[in-house]
Amino acid sequence: MTTNYVELDRIAANETLRLVRGADDKDWERPTPCSEWTLFGLVAHLTALNHGFAAAARGEGGLPAHWRTPENFAADPVGAYGASVAALLVPFAEHGGTEREFVLPQLGGAFPGRAAVSFHLLDVAVHAWDLAVTLGTTPQLPPAVWEAVLRGARRIPAESRAPFFGPMTQPEPDAGPLTATLELLGRDPHWSPDDQEAPRSL
């Protein structure tokens, strides 16, 4: 059975939006599992990422302007993030399931659409976990998402991990897909914001 990465990505992106909409003003300076970012910085990163991948699906991924956080982000982070998710879903549905090339400067080249959408799925699903634990909750994603993301995480070569992921921990044989994914990508499944010092906002 062929994995529908576009549909799984839609589910994961919408879950990140649900989580972001649950944040309030006091949450933006919370530390996240991405040690260089507060919640504000993480959502800014995701906003830029969504716009960049949307541009790549349209054949415009090579333009650096598409990979930047919008200038109006700070005025309304929730609204800006919602707009980035909306901008992403249509071109992914139109082009993401094809073999059209996506130019992804951060990854150093062009990739078939199916592979590119799987990259975005991995990123957005793991960041859904980041958002959730930062806000003291859990991501509501179906097993099919984590199973697809785990397959992707297992394919990342050790020499290509930095600066996107931390040092790998080999999961226990009985680890579930979420825990195994987090450990393979250098996340601590037991991470808590209460144990961290606040990093910079951006």
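**Ground rules.** I'm working from a predicted model, where local features need pLDDT of at least 70, side-chain atom pairs count only at pLDDT 80 or more, and totals for chains, interfaces and linings use all residues. Residues are numbered from 1 along each chain as its sequence is written, and side-chain values use heavy atoms, with hydrogens and water left out.

**Layout.** I counted six helices and two strands in the protein chain; helices (H or I, at least four residues) and strands (E, at least two) are DSSP runs numbered from the N terminus. Read from the N terminus, the order is α-α-α-β-β-α-α-α. I then checked the radius of gyration, taken over C-alpha atoms: 16 Å, close to the 17 Å from the globule rule (2.2 Å times the number of residues to the power 0.38). So the chain is as compact as a globular protein of 202 residues. The C-alpha trace spans about 45 × 45 × 30 Å along its principal axes.

**Burial.** I looked up how much of the protein chain is buried (under 20% relative accessible area, 1.4 Å probe, protein chains only), and got 48% of the 202 residues.

**Helix α4.** I find 22 residues here, 113–134. Why is α4 largely enclosed by the rest of the structure? Because 19 of its 22 residues are buried. After α4 I noted G136, with a positive phi near 75 degrees.

Terms used
Expected span 1.5 Å × (residues − 1). Buried < 20%, exposed > 50% of the residue type's maximum accessible area, 1.4 Å probe, protein only.
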